[in-house]
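Got a minute to go through what the labels on this model rest on? Let's take them one at a time.

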Amino acid sequence: MKEPATNKAIKKFILHLHPLKIDKRAIAFNRTFGLGGIAALLFTLLFITGMMLKFIYVPSATQAHDSILSLKNDIIFGNLLRNLHYWSAMLLVVVAFLHLVRVFYSQSLFHERRKNWLYGLLLMFLVVSANFTGYLLPWDQLSYWAVTIMTNLLNYIPLFGDGLADLIRDGDTVGEATLLRFYHFHTGLLPLLMVFFLASHFWLVRKAGGVALPKVEKSKKVDTHPHLTYKEAFVALIIILALLLFSIFVDAPLLEKAKPTVSPNPSKAPWYFMGFQELLMHVHPVFGSFIIPLAVTILFIVIPFIKYQEIKPGVWFHSPTGKKITIISAIFSAIFTFGFAIINDTVFDFTNRLAEWPSFISTGVLPTLLYLLPAGAFLFYLKKKHNANRTELIIGVVTIILSAYITMMLTGSLLRGEGMQLIF
């Protein structure tokens, strides 16, 4: 029986994304949770809704907020369109982060996948950058002061911080030129870069043989269509439906028009940067805005290139010991980080006032060492207690970092009240 032309067209399109046959283990939902595909779907939704929003939005400090109000109140389905764009952007940050975490914990970043891990880190940076530049566009009090906080943090970077901040803002402060610059980044350069690196990312996944899987003597292959494609279509429909329903009932935030001379109290960074803002309440700005982020970034870049005794691509947490270390490290980091923040707010501040130490030492070197030394001792304990190898210890280190940042982000977002002051 002759195959319908529609099926042939679908298969030809699928072959650009997937091989004709695929390992049956790769299509199990708990293998990848569909996070890479969901991220690509969200980017597509953002691209489509963003193009439609461009017909209404006016990138001007005097008209931007009014154009958003007009979209909400005067355009049929305009508010739904904006909500869908906003919540898709927020979800993309979460999904991209979870995808990166999934790749790490499933040990899918070694050998031929090293380059793709670096592309993944770059894509995560682009996702956050696109979200951040779009954050300013409503030009309300929330977005204006959030961007002001984050761009002011750049001034603390040694040597080139002031120049970088002025370059991003196109001036000393957030203003009309900043809005226009962010608009062009958000709607032009960043989407173009993301399309290019997404295509490269998917191609490298295909080149590496698809999803990383544990080695077995014999694997069972199944047809990609319909076994995988139907699952992808089902997940896509679920995500779109959930976003539509959420966007119908929950509006994207919008405060009054930005007032550069009146800051709200508390002034907060975007939620995904709240960990940095919270960090700056406990350490010197040079450490919080430059030294610590740079050290963490370098660590994430070099992880695939470290020499390991044993590598098990596709094996979650490397081993049962690695899984146990992950759980213990996450719990330790959350409790220790929260406790450290409380103690740092009280005991250390009191001691520093009495001793009158130089601020770089008292609020930079000292708190950093007082955090790293117990964390290092904890890792040493894990190594002795569980006879952990280098791979499992690296998993523990990354888990401590991730858990610490999430704890600080939640602390800053949920627990900091009216006492939080704007950081300059």
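Q: What makes the crossing of helix 6 and helix 9 left-handed?
A: Helix 6 passes helix 9 in a left-handed crossing; that label applies if the near helix is turned anticlockwise from the far one by less than a right angle, and right-handed goes with clockwise. By the way, this is a predicted model, where local features need pLDDT of at least 70, side-chain atom pairs count only at pLDDT 80 or more, and totals for chains, interfaces and linings use all residues. Residues are numbered from 1 along each chain as its sequence is written, and side-chain values use heavy atoms, with hydrogens and water left out.

Q: Why is helix 6 called roughly antiparallel to helix 9?
A: The axes of helix 6 and helix 9 (residues 176–207) come within 9 Å and cross at roughly 160°. Angles under 35 degrees count as roughly parallel, over 145 as roughly antiparallel, 65 to 115 as roughly perpendicular and the rest as oblique. So helix 6 is roughly antiparallel to helix 9. Axes here are lines fitted to C-alpha atoms, for helices over the stretch in contact, with angles from 0 to 180 degrees between N-to-C directions.

Q: What makes up the contact of helix 6 with helix 9, by class?
A: There are 16 nonpolar, eight polar and one charged residues. Nonpolar covers Ala, Val, Leu, Ile, Met, Phe, Trp, Tyr, Cys and Pro, charged covers Asp, Glu, Lys and Arg, and the others, Gly among them, are polar.

Q: Why does helix 8 count as roughly perpendicular to helix 9?
A: The axes of helix 8 (residues 161–169) and helix 9 cross at roughly 80° and come within 7 Å. That angle makes helix 8 roughly perpendicular to helix 9. On the helix 8 side, L167, I168 and R169 make the contact, and on the helix 9 side A177, T178, R181 and F182 do; contact means heavy atoms within 4.5 Å. Four of these residues are nonpolar, one is polar and two are charged.

Q: How do you know which way helix 5 runs against helix 6?
A: Helix 5 (residues 78–105) packs against helix 6 (residues 114–135) at about 160°, with axes 10 Å apart. The two are therefore roughly antiparallel. Their crossing is left-handed. Among the residues that meet are L92, F97 and F104 in helix 5 and W117, M124 and N131 in helix 6. By class, this contact has 13 nonpolar, two polar and no charged residues.

Q: What makes P226 part of a helix?
A: P226 lies in helix 10 (residues 224–227). A helix is a DSSP run of H or I with at least four residues, numbered from the N terminus. A cis peptide bond joins H225 and P226, with omega about 20°.

Q: What lines the largest cavity?
A: F104, Q107, F110, I303, Y308, T391, I394 and I395 line the largest cavity, and helix 16 (residues 390–415) gives the largest share, three residues. The lining has six nonpolar, two polar and no charged residues.

Terms used
On a 1 Å grid over the protein atoms alone, a cavity is a set of points where a 1.4 Å probe fits but cannot get out, and a pocket is an open set with protein on both sides within 12 Å along at least five of seven lines; lining residues have an atom within 4 Å of a point.
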